[in-house]
Amino acid sequence: MTPTARVILIGGSSHCGKSTLAGHLAARPGWTVSSTDHLGRHPGRPWRPAGEAVPAHVVAYYLELSTEAQLADVRRYYETLWPAIEALVRRHAEDESLPRLVLEGSALWPEQVSGLKAPGVAAVWLTASPALFEARILAESGHVLADAPGRTLIEAFLARTLAFDAILREAACGLAAPMLNADEDVGVEACLATLRPVPWT
């Protein structure tokens, strides 16, 4: 990775380790971290802390929409976020009075990122095996202790996550975008070695 990079983008599906990696990268002096979730959040994880109910619209989203419909919906939503994401990236890439930025999020899509015309931006996408996604999601959600409706919601979220990762991986491979596998080493050094300046195509 070029040492002149002012913005690092980390894309990938939920639970692949984006926020953990971003936090480690941004711990270096002169860097800050943010998430595309701060710009707008699509119906996310259908579980909450003990005693807190899952919002009705989130329940309806996972119960009423097929996995394919959820994917189409979330892709459309991420397209609406792109102008705000691009503006944030440009600010940190072009304004040297601002800290360098590590931006992570599922809304970072290879086709859109590859078209960025901003200096000093590098990107990488994380992926993982279905087994790793399943293990992380079931553990974090408390699937084993959830009631039957709760397990149904969690399993719908898992299905969407796996489908999202599959199409993201296909898109990234089609553009020869840089990728890291979370089943292997996704530490800072591996990330810095894999990052590539944008555009890479």
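Helices here are DSSP runs of at least four residues, numbered from the N terminus. The views below are taken from a predicted model.

**View 1. Leucine 81 in helix H3.** Helix H3 spans residues 67–94 and includes leucine 81. Leucine 81 has a relative accessible area of 7% and therefore counts as buried, the cut-off being under 20%. Not counting residues up to four places away in sequence, leucine 81 touches Thr36, Leu39, Gly40 and Ala107. Glutamate 189 lies 108 residues from leucine 81 along the chain, and the C-alpha atoms of the two are separated by 30 Å.

**View 2. Lysine 18 in helix H1.** Lysine 18 belongs to helix H1, residues 18–26. The residue is buried but has no salt bridge. Its nearest side chain of opposite charge is that of glutamate 104, 4.5 Å away; a salt bridge would need the side-chain nitrogen within 4 Å of a carboxyl oxygen. With neighbours within four places in sequence left aside, the contacts of lysine 18 are Ile10, Gly11, Gly12, Ser13, Glu104, Gly105, Ser106 and Leu126.

**View 3. Crossing of helices H2 and H6.** The axes of H2 (residues 56–64) and H6 (residues 148–174) come within 9 Å and cross at roughly 65 degrees. This crossing of H2 and H6 is left-handed. On the H2 side, the contact is made by Val59, Tyr61, Tyr62 and Leu63; H6 contributes Thr152, Leu153, Ala156, Phe157 and Arg160. Sorted by class, the residues in the contact of H2 with H6 are seven nonpolar, one polar and one charged.

Terms used: Residues numbered from 1 in each chain as written. Predicted model: local features only at pLDDT ≥ 70, side-chain atom pairs only at ≥ 80, totals over all residues. Heavy atoms only, no water. Helix = DSSP H or I, 4+ residues; strand = E, 2+ residues; numbered from the N terminus. Buried < 20%, exposed > 50% of the residue type's maximum accessible area, 1.4 Å probe, protein only. Lys, Arg positive; Asp, Glu negative; His and termini not counted. Contact = heavy atoms within 4.5 Å. Axes fitted to C-alpha atoms, helices over the stretch in contact; angles between N-to-C directions. Left-handed = near helix turned anticlockwise from the far one by under 90°. Nonpolar A, V, L, I, M, F, W, Y, C, P; charged D, E, K, R; others polar.
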